[in-house]
Amino acid sequence: MAWTNWEKVAGSGLDFKDIVYEKKYHTEYEGGIARVLVNRPEKYNAFTAHTMDEMSRAFYDASHDPMTGVVVLSGVGDHFGAGGDVEWEMWGLREQFYWRHAPNRIIRTCRKPVIAMVKGYCIGGSHHVAYCCDFTIAADTSIFGQNGPRVSSPADGYIMPYLVRVVGAKKAREMWMLCRRYTASEALAMGLCNVVVPLAKLEDEVDRWCEEMLTLSPGCLEVLKASFDWELDTMPPLGNIANWLHHDYFETPEGKEGAQAFMEKRKPQFWKIRKAEVEARKKAQELMEKGKT
């Protein structure tokens, strides 16, 4: 394969801190690929609202570049990503997912095929970003899994029923409701990724897939991607169910406990909170009964 070197993309609004945005071109086919890398390795590439703002601008640029055929999403260093930064999630999650642009929507609205190049941890928000990509190519070091109930961070909308399309209903519920971890080989067996390769060969394998797509009609690929993604429009909008069930969830003691426990490196005490709530209701009921007599 003959490629130019990766070059940082420069231009108005493309001076990034939380991501690396690069492009390179195939010397024979002339078309190119863009690469978006989350650049927070000290946080296992966990993202914040600022990270996603930068990702949105990079994906918009790649989506509208007629000479870009594929977008590759990954992380700087040893890991794809650990989801939302828990310290940020304590304050900023609702604003980002419900009122701005969720990371999955960035993938969904990109016109070009998107490859998740996964290595190391692919957890939580980073995990559902990866399975919403058109393709997932994983290193044998990869670890997949969800994190929501573990840190009292609920999720709803299309990201959950879409996983059913990928791995089936039972596995999807297992992933989201038990927060287990899965090796690369387990992920391959259930359909979470297209192929698994040794870490040393990961970038070459991604280049090979990109090269294969660059031999095809880019316009046809854009139409096909939009056609496959069309089904997402029939699924529940992100945020509706959570707002209906628990519109103030993040203000409740249970909603705060998961993230707080994570920050304090202790086990969360969800049932202690529930017990205290039951006892408080019981005491209030007793006082009410006394007031009637």
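Colleague: What space lies in the second largest cavity?

Modeller: This is a predicted model, in which local features need pLDDT of at least 70 and side-chain atom pairs count only at pLDDT 80 or more, while totals for chains, interfaces and linings use all residues. Residues are numbered from 1 along each chain as its sequence is written, and side-chain values use heavy atoms, with hydrogens and water left out. A cavity is a set of points, on a 1 Å grid over the protein atoms alone, where a 1.4 Å probe fits but cannot get out, with lining residues having an atom within 4 Å of a point; grid points are joined across faces, edges and corners, and volume is the space filled by probe spheres set on them. For the second largest cavity, that space is about 50 Å³.

Colleague: Which elements give two or more residues to the lining of the second largest cavity?

Modeller: Helices (H or I, at least four residues) and strands (E, at least two) are DSSP runs numbered from the N terminus. The second largest cavity is lined by W6, K24, I33, R35, V72, M117, E203, V206 and D207. The elements giving two or more of these residues are β3 (32-38) and α8 (202-214).

Colleague: How many residues of the lining of the second largest cavity are charged?

Modeller: Ala, Val, Leu, Ile, Met, Phe, Trp, Tyr, Cys and Pro count as nonpolar, Asp, Glu, Lys and Arg as charged, and the others, Gly among them, as polar. α8 provides the largest share of this lining, 3 residues. The lining holds 5 nonpolar residues and no polar ones, and the charged residues number 4.

Colleague: What volume does the largest cavity have?

Modeller: The model has 2 cavities of 30 Å³ or more. V38, N45, F47, M52, M55, L73, F80, G81, P103, S126 and V129 line the largest cavity, and they comprise 8 nonpolar, 3 polar and no charged residues. Helices α1 (49-63) and α4 (125-132) each supply at least two residues of this lining. The volume of the largest cavity is about 90 Å³.

Colleague: Is S74 buried or exposed?

Modeller: S74 belongs to strand β4 (residues 68-75). Contact means heavy atoms within 4.5 Å, and beyond its neighbours within four places in sequence S74 is in contact with V36, L37, V38, F80, M117 and K119. Buried means under 20% relative accessible area and exposed over 50%, with partly exposed in between (1.4 Å probe, protein chains only). Because its relative accessible area is 1%, S74 is buried.

Colleague: Is F228 buried or exposed?

Modeller: F228 lies in helix α9 (residues 218-229). Its C-alpha atom is separated by 9.0 Å from that of D134, 94 residues apart along the chain. As its relative accessible area is 61%, F228 is exposed.

Colleague: Which residues of the largest nonpolar core touch the most other members?

Modeller: A nonpolar core is a set of buried Ala, Val, Leu, Ile, Met, Phe, Trp, Tyr and Cys residues joined through side-chain atoms within 4.5 Å. Not counting residues up to four places away in sequence, V36 touches I19, V20, Y21, M55, A58, F59, V71, V72, L73 and S74. Of the 45 residues in the largest nonpolar core, those that touch the most other members are Y21, V36, F59, L73 and L192.

Colleague: How many residues does the second, separate core have?

Modeller: V70, A139, W209 and L221 are among the members of this second, separate core. The number of its residues is 17.

Colleague: How many residues of β2 are buried?

Modeller: β2 (residues 19-25) is joined to β1 by 2 bridges in an antiparallel arrangement, with E7 opposite K23 and K8 opposite E22. β2 also pairs with β3 in the antiparallel sense over 7 bridges, where Y25 stands opposite G32. β2 is largely enclosed by the rest of the structure because its buried residues number 5 of 7.

Notes. 1 Å grid on protein atoms, 1.4 Å probe; cavity = no way out; pocket = protein on both sides within 12 Å on 5 of 7 lines; lining within 4 Å. Pairing = 2+ DSSP bridges.
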